[in-house]
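This report goes through one protein structure part by part. Please keep the sequence and the 3D view at hand while reading.

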Amino acid sequence: MYADKFCDKTYDSILDRIKRIHFVGIGGSGMCPLAEIMISKGYEVSGSDMNDGDTLRRIISYGIPVYMGHEAKNVEGAELVVYTAAVKPDNIELVTARQKGIPTIERSVMLGIVTRRFKRSIAVSGTHGKTTTTAMISQIMIGSGADPTAIIGGTLPSVGGNSYVGKSEIIVCEACEYVDSFLQITPAIAVVLNVDADHLDYFENMDNIKKSFRKFIAQTSEAVIVNGDDDNALDCVNDTDLKVLTFGFGDNNMYRAVMTSPEDTVYDAFDFYCGNEKLCNIELSVPGKHNVYNALAAASAAHYAGVSPQGISENLHKFTGVHRRFEVLGTHGGITVADDFAHHPTEITAALSAAMKMGFRKVWNVFQPHTYSRTAMLLDDFAKALSIVDEAIILEILPVREKNTYNIYNTDLGAKVEGSKCIDTFEDAAKYVCENAQDGDLILTMGGGNVYMCANMINDMLKAKYE
């Protein structure tokens, strides 16, 4: 539950005294970028993981020692051990490191240490849109020659991974609020996309969420770029002495979007203003109004950081999304299969609203609820969001880190979504939608867990059926 946390700078100088770092869980999306940065800085790196994957293979390609599974001998010679939050305290590598007197730090602490070694850090926070906006800022800066280092929560196609190691003094990263991880970061520039009710299993209420965002902003040294259309976000910057730059559609915002595309268009376009000056027109290649906000936040941060309007416009147009953000897997027999990470009612509403505007005959949503607590606390909001589509399939709730003390099941959600169907397994859900979807339909899997596996099943079944 919520605790009054603080930034741990105990080990800020440790990188000046060591050369060998071992990463426990090195294949994780948050660990791989840190390992890459350390490799680029000349540190000797090793790692271990339990699961194979694209990020792990990317790390292995550097020729460093990577061990499958956790053993005591893996930490031999290490001078610092970094571990993910998913690693338990009784992990043999952590236990061995502590017995040997080797310092051990959690990934978020390491991220704070690394970002403080850059003169200009841009940290993207908010309940929704962090990965996409971080990727957009990275795309703009890399494409414009600013050569930043970037740590992204998803794969950015233009760099072929979720990280980029540049040579400038700029670093762009996500700042996740869950369990106050973002309080380990002390950025020069903080971006606040929105502040919504989420992770209530930890924060308990909106007041605690706002308290944490205020602390994060208080740790920022130069400026905060905040969604001026979001009352909760604005409430978090009321007392700051920082330079506050707002973005949004309202005339009161410093950075504004004035739409230039029709309301029913798939990919939006807007004029980007700073004050009364039109800087450029931005044509997006990703759907949905939520992505207009993400792009506006990215454009604002990039402009403040010195990128030209032309560079902003050109590179946002080139941005086609990140892995698991409305990612199209294939089209077979006229049926399109896509997958999305959305797992909060606000995110689901945004993604499904965009899907319904794309001209498909029918939109199918295969949704995997993520955690019992979130499902129970936001049940009516989930039901309203899932009612947007033509056909809603609701899978079993993914427990993640919880036990079902809430006595909540997918059927409780299904009872509130008219015409929905509750199917427990990926195999049965894939079979059902493949048998019933028709030419011109979209099947969109959705959730913060492993529902992408169901998307792959659906895509493979349709491919086998029609090709």
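A residue counts as buried when its relative accessible area is under 20%, as exposed when it is over 50%, and as partly exposed in between, using a 1.4 Å probe and protein chains only. Helices (H or I, at least four residues) and strands (E, at least two) are DSSP runs, numbered from the N terminus. The model is predicted, so local features need pLDDT of at least 70 and side-chain atom pairs count only at pLDDT 80 or more, while totals for chains, interfaces and linings use all residues. Residues are numbered from 1 along each chain as its sequence is written, and side-chain values use heavy atoms, with hydrogens and water left out.

**Helix 4 and the cores**

Helix 4 (residues 107–115) is largely enclosed by the rest of the structure, because eight of its nine residues are buried. The buried residues are Ser-108, Val-109, Met-110, Leu-111, Gly-112, Ile-113, Val-114 and Thr-115.

A nonpolar core is a set of buried Ala, Val, Leu, Ile, Met, Phe, Trp, Tyr and Cys residues joined through side-chain atoms within 4.5 Å. The largest such core has 52 residues, and those with the most contacts inside it are Leu-15, Ile-21, Phe-23, Ile-26, Met-38, Leu-80 and Met-110. Helix 1 (residues 31–40) gives the most to this core, with six residues. A second, separate core has 45 residues, among them Met-136, Ala-150, Ala-188 and Ala-298.

Contact here means heavy atoms within 4.5 Å. Apart from neighbours within four places in sequence, Phe-23 is in contact with Met-31, Leu-34, Ala-35, Met-38, Val-45, Ser-46, Gly-47, Ser-48 and Val-82.

**Strands**

Two strands pair if DSSP finds at least two bridges between them. Six strands make an open sheet in the order 16-17-21-18-19-20, with mixed pairing. Strand 16 (327–332) and strand 20 (421–422) are at the edges with a single partner strand each, so one side of each has no neighbour in the sheet. Strand 16 runs antiparallel to strand 17 (residues 335–340), and five bridges join the two. Thr-331 has Thr-336 of strand 17 as its bridge partner.

Elsewhere, strand 7 (residues 149–156) and strand 8 (residues 161–164) run antiparallel and are joined by three bridges. Ala-150, listed above in the second core, has Tyr-164 of strand 8 as its bridge partner. The hairpin of strand 7 and strand 8 has four residues between the strands, and in this hairpin Gly-160 takes a positive phi near 70°.

**Cavity and pocket**

Grid points are joined across faces, edges and corners, and a volume is the space filled by probe spheres set on the points.

The structure holds one cavity of 30 Å³ or more, and the largest cavity has about 50 Å³ of space. Its lining consists of Asp-198, His-199, Leu-200, Asp-201, Thr-371, Ser-373, Arg-374, Met-377 and Leu-378. Helix 6 (200–203) and helix 12 (372–377) are the elements that give two or more residues to this lining. Helix 12 supplies the largest share, three residues. Ala, Val, Leu, Ile, Met, Phe, Trp, Tyr, Cys and Pro count as nonpolar, Asp, Glu, Lys and Arg as charged, and the others, Gly among them, as polar. By this division, the cavity lining has three nonpolar, three polar and three charged residues.

The second largest pocket has about 280 Å³ of space. It is lined by 17 residues, of which Thr-320, Arg-325, Phe-326, Glu-327 and Val-328 lie nearest its centre. Nine of the lining residues are nonpolar, six polar and two charged.

| Residue | Relative accessible area | Class |
|---|---|---|
| Thr-132 | 8% | buried |
| Asn-456 | 37% | partly exposed |
| Asn-252 | 60% | exposed |

Thr-132 lies in helix 5 (residues 130–143). Leaving aside neighbours within four places in sequence, Thr-132 is in contact with Asn-291, Asn-294, Phe-319, Val-322 and Arg-325.

Asn-456 belongs to helix 16 (residues 452–466). Asn-456 and Thr-445 are 11 residues apart in sequence, and 9.6 Å apart in space, C-alpha to C-alpha.

Asn-252 is in the loop between strand 12 (243–248) and strand 13 (255–259). Beyond its neighbours within four places in sequence, Asn-252 is in contact with Gly-228 and Thr-246.

How values were computed. On a 1 Å grid over the protein atoms alone, a cavity is a set of points where a 1.4 Å probe fits but cannot get out, and a pocket is an open set with protein on both sides within 12 Å along at least five of seven lines; lining residues have an atom within 4 Å of a point.
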